[in-house]
Amino acid sequence: MKKIIGIDLGGTSVKLALVSPDGTIMDQWHIPTHTENGGKHIVPDIIESVREYLDANDLSASDIQGIGMGSPGQIDPKKGTVTGAYNLGWADTQEVQSQFEEAFDIPFVIDNDANVAALGEQWQGAGENDPNVIFVTLGTGVGGGIVLGGELVHGAAGSAGEIGHIVVDPNGYECTCGNRGCLETVASATGIVRLAKAEAKRQAYDSPLNALIADNNISAKAVFDAAKSGDNLALVVVDQFADYLGLACSQLANTLNPNKIVVGGGVSAAGGFLLEKVNAKFQQYAFSAIKGSTELVLASLGNDAGILGAASLVREEA
């Protein structure tokens, strides 16, 4: 049985795993991401780590079905290049695939990290291998990926799945993309903090969050924790957040009618408390036929979504 190597390239570390064709993680390890000097050491470091692992475990190219990688930035899966991954120091286009193919006689596939995480959750996570799954990841920003008919959707310019830039309030906050009212401005970790500060300024609440806001020490986690304990300010903010996210999810579902919309990322750590509120808004906004066929669920793979999704890329190419 041939095995797959899955690689999740992040800004601080690279996670690598040996994965079976059925999606079992057989072994995993990680190395630091050296972003200095324009990130020129990143790919050689990964190649060396893979080579050392194969040698140490008496594995050859004939034992490996393929190598899959998820990376930040704009990816051209056909050319195997990465452009604009600034958190890696990669301002210029990086010829990633050619470097791997030069180092190993093993097929190599690469895609955007959010797309790859979507594949992981669709295949082995909360998507339960349903063919139509949308993944929404809530963290510092809002990202995602779309799997339809069991395949990733890339779009004409490779930009499908930019869920964070669905406009949910045309008169809302300015987004880093230049538009106003993008989902990312209100549903990311920084967006939730923005909502809390605005609501505290709009109306006086007897809330411990006021002190955190005054000290500029407020966080999305603090807001959700306070809401769970019944804090009035936090509950208003969470309702606003749930309204925006529920609206965006309904638009995705009305357009694409997936089996599941999987919600993941750091913000989703609020768990069932969060999902219940978002789902109530989703049910309010969704088309009647959608309500009974699209389910909102929480992501289940955590940090393993990336490496499993990267392995799934190899399965898709096989």
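This is a predicted model: local features need pLDDT of at least 70, side-chain atom pairs count only at pLDDT 80 or more; totals for chains, interfaces and linings use all residues.
In soluble globular proteins, nonpolar side chains tend to be buried together. Here, the largest nonpolar core brings together 49 residues, and the members that touch the most others are Val136, Leu138, Leu183, Val223 and Phe241. Helix α9, spanning residues 232-256, is the top contributor to this core, with 13 residues. Apart from this core lies another, made of 30 residues, among them Ile47, Val50, Leu59 and Ile64.

From the packed residues, the description turns to open space. Rolling a probe the size of a water molecule over the atoms shows where empty space is left. The largest pocket has a volume of about 1300 Å³. Its lining is made up of 46 residues, with Asn112, Asp113, Ala114, Thr137 and Gly143 lying nearest the centre. Several elements each supply at least two lining residues, including strands β1 (3-9), β5 (74-76), β9 (133-138) and β10 (142-148), together with helix α12 (305-317). Helix α4 (113-124) is also on that list, and α4 gives the most to the lining, with five residues. By class, 26 residues of this lining are polar, 13 are nonpolar and seven are charged.

The second largest pocket has a volume of about 280 Å³. Of the 15 residues that line this pocket, Asp111, His154, Leu313, Glu316 and Glu317 lie nearest its centre. Two or more lining residues come from each of β8, β11 (151-152) and α12, and β8 provides the largest share, four residues. The lining of the second largest pocket divides into seven nonpolar, five charged and three polar residues.

Finally, two residues stand out for their backbone angles. Most residues other than glycine have a negative phi, and most peptide bonds are trans. Glu128, although not a glycine, has a positive phi of about 55°. This residue is found in the loop between α4 and β9, and Glu128 is exposed, with a relative accessible area of 56%. Asn216 likewise has a positive phi, near 55°, without being a glycine. Its place is in the loop between α7 (209-214) and α8 (220-228), where Asn216 is exposed, with a relative accessible area of 57%.

Terms used. Residues are numbered from 1 along each chain as its sequence is written. Side-chain values use heavy atoms; hydrogens and water are left out. A nonpolar core is a set of buried Ala, Val, Leu, Ile, Met, Phe, Trp, Tyr and Cys residues joined through side-chain atoms within 4.5 Å. Buried means under 20% relative accessible area, exposed over 50%, partly exposed in between (1.4 Å probe, protein chains only). On a 1 Å grid over the protein atoms alone, a cavity is a set of points where a 1.4 Å probe fits but cannot get out, and a pocket is an open set with protein on both sides within 12 Å along at least five of seven lines; lining residues have an atom within 4 Å of a point. Grid points are joined across faces, edges and corners, and a volume is the space filled by probe spheres set on the points. Ala, Val, Leu, Ile, Met, Phe, Trp, Tyr, Cys and Pro count as nonpolar, Asp, Glu, Lys and Arg as charged, and the others, Gly among them, as polar.
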